[in-house]
Amino acid sequence: IMAFNLEDYLHHKANITIPQQPTPARSRRINEKWQKVAAFLLNNPKILEEEVLDKITLQGLQNILASRKSSSQNDVDYKPEIKERQGETTLLFSKSICEIQDDITASLLNMSRLPKLLFKLTKLLSRMIRVNDFDLYIWEKEAGTIYLYSEEKDPVNHIGIVDVESEKTIVAYSAKYEKIVFTRDASMEEVFSNNHEILGDVARRNGLSYIIVPLKLSACQQSFVLEFRRTLGHFCFTQDEYLFIEAFLAYLKLLLQNLLDFKGVLTQRMIHKRLVSMCRESDDLTLLLSQLMDCLKDQFAASNASIHCVDFRHREITTLFSEEWTKSAQYHFKFPLSDGTYKHLMKAGKVIVLDLKEEHSDITKLLTYLGRTARNSLVLPLKGRFPGVVEFYDKIGMAQFSDDDIHLLKNLQFQGLLAMLVAKIRFNFYSKECFLTTIQEAIIYHLIAPVSQVSELLFESMKEEIFPSDFLKMNWFEEDEGYKYCKYYVWMFMRLSPVHVDQKVLCQWLLAVKNSYRPVPYHNFTHAFLVSHSVFCILTLNNLLNDIENLSLLIAAICHDIDHRGFSNEFYRLMDDPLASLYPISTMEYHHVNYSLLLLQNSNFNFLDNIPCDQYKILLENVQMAIIATDLTYHFKTKETLARLVKENSFDINILEHRDLFKKGIMTVSDLSSNYKKFPVVQKLVANLYEEFQNQGDLEKSMGKSPLSMMNRDNVHNMPSDQIMFLQYICFPIMKAMSGISPSLSGPLDLCRSTLKS
């Protein structure tokens, strides 16, 4: 049937004769072609029944057979106006198909564009039979509603939604019963004259003659209804035109259905070309997997996508790809595996669509932990040494993924490539994970303090001795002797902790943190403790945060510069250091975060095991946010936002965004604590800072680079003016904004003014 051109198809199926100059050769070709098709249909009767006759009524078939016997009589009855334009249909159809060829391809690759294609094809058909007006309706069968399609409002004009079950319009009637409605004169038809509710919007258009045809494609969840109208003052639709539309739509349905069947081939070709291009541009397997998943996500019109490796031996799920994490340079995440959905999916090994409104233990728990919601997911299990699951979430523009999506994903030929990429990346990750685990175990072993040191610190911290009288003042300072700082920190921690904490484990963790600080001039354990002391003073002066938030800020303060090497973030980027490759943004801050989490989550230092899981997760998130906030590149944005809120008197601690800004402000003010001590102490601490700067400058000079002015030892005479500018443009604005939120925080601002005066 597909071998027929439109002219032959119409001639044999509807007996619509298209006048052309007959030639013996042409007649012979038509006869040969018809004989082949007739022989094929004779051997395959189901083709005729299923693909062609399903929309042609018995009356229509009788008319076709009758028209063959009385061709001459039909020609006499046929209106001259219609007969004259039949010769134009083939040329018009061919030209129009060429015009919308790009739309056909686009619709195959993205089913959401199918309504646009059908609108153009309906427009083409209306030009062939010269109707006055036409409409295309999108029929959401599951929802039981019909939408009027509009080119201006993409994809659908939601004005005038009609409930199909109510049958309030003739279009709804046609959709519900999947019947073609053909009327020559609406005013004479009983269904129109006796029931105006069924007429509905048709009556408002003053229509005279209508042909309304439902069109359903098996590969598409949506169905469509085409409506053609002729208004008063024009010829009514004839039986021949009705048969023409019926035959054309049967041909069109068959054409679209066959094209949709080739959608997988087109998709594979497109993705194959993109894969070749990706491989030429990069040999990074992780990047290649990310680009492939982006390509597939677009193909299935999914709102999000993920790849999870399922480790049955260790009973855990490892996320190798997730769109949000790719943007933040995080490529893996582990989650406990239960005897739930993922296990059953891997055993079944089938592509399926899951309704996530129902309970699917693994997936729903994982989505909840990630803070993500989804209605449904299209799931592809991957088998091999490192089995996995590919998931696409929530099809854009549709209620759920279709059977066509399942069929396409099941038959894509690059499943093997996807499985190979996942296995290779997982193997690389697993190998590096084993290596890192070994290194981390060695580090932890050497960080564990001897029992004697832990016992001594524990004994000192439990003494009921009086702290210095000025300890709770912002400008307090003492040199560290023995375990003085650690003892003070344990005391502060126990004052803020909302739950019982094993002090012995706390002391073990604190000594490990202290031993992790390097002996650099400024960013050492002394600086870490002074920042912790400042945070403690601010928290005791205010009651704006809850216990978990207070505890997280105190932990972040002591860890915020852990393993600092005495160099700036920019230095690591200029030197192309591995740390800069690992953390392109806020290099040292992210290193401090991960180092801190390594210690906090190690079983030897797990002093927070009494905190409930949900609270523990919040605590770790706050620790990360607080440490990242100490990167001065975020300082100006935080300062400006806080200043604006204070000026507008709109700060509200109960608003999450404002609350986070307040916590970031506390960390920034505390990180600047060396500027509001007594002036001799400030001089000493700033001298240590500049010594660290100049050490970096000396190293840069030895490598043939020009250091910044404040890091150049030759410009040490500029230190006072540099510090005055630092106080005026960095310290004062953030401290002024914080004191505007809470007057009790005016202390650091007053002390900084004293420092500036000195």
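Colleague: Which UniProt annotation covers Asp561?
Modeller: The UniProt record, an unreviewed entry, gives Asp561 the label "binding site". UniProt positions follow the numbering used here, feature names are shortened, and annotations may be inferred rather than shown by experiment. This is a predicted model, where local features need pLDDT of at least 70, side-chain atom pairs count only at pLDDT 80 or more, and totals for chains, interfaces and linings use all residues. Residues are numbered from 1 along each chain as its sequence is written, and side-chain values use heavy atoms, with hydrogens and water left out.

Colleague: Thanks! Where is Asp561 found?
Modeller: Asp561 is in the loop between helix H26 (547-559) and helix H27 (569-574). Helices here are DSSP runs (H or I, at least four residues), numbered from the N terminus.

Colleague: Is Asp561 buried or exposed?
Modeller: Asp561 counts as buried because its relative accessibility is 6%. Buried means under 20% relative accessible area, exposed over 50%, and partly exposed in between (1.4 Å probe, protein chains only).

Colleague: And what is Asp561 in contact with?
Modeller: Leaving aside neighbours within four places in sequence, Asp561 is in contact with Tyr517, His523, His527, His592 and Asp671. Contact means heavy atoms within 4.5 Å. The side chains of Asp561 and His527 are also joined by a polar contact of 3.3 Å. A polar contact is a pair of N or O atoms within 3.5 Å; within protein, one must be able to donate a hydrogen and the other to accept it, and residues adjacent in sequence count only if both atoms are side-chain atoms.

Colleague: What about His527, then? Where is its place?
Modeller: His527 sits in helix H25 (residues 525-541). His527 is buried, because its relative accessibility is 6%. A polar contact of 3.5 Å links the side chains of His527 and Tyr522.

Colleague: Switching topic: what caps the N-terminal end of H24?
Modeller: That's Asp502, with a side-chain oxygen 3.1 Å from the backbone nitrogen of Lys504. Buried residues in H24 include Leu506, Trp509 and Val513.

Terms used
Helices (H or I, at least four residues) and strands (E, at least two) are DSSP runs, numbered from the N terminus.
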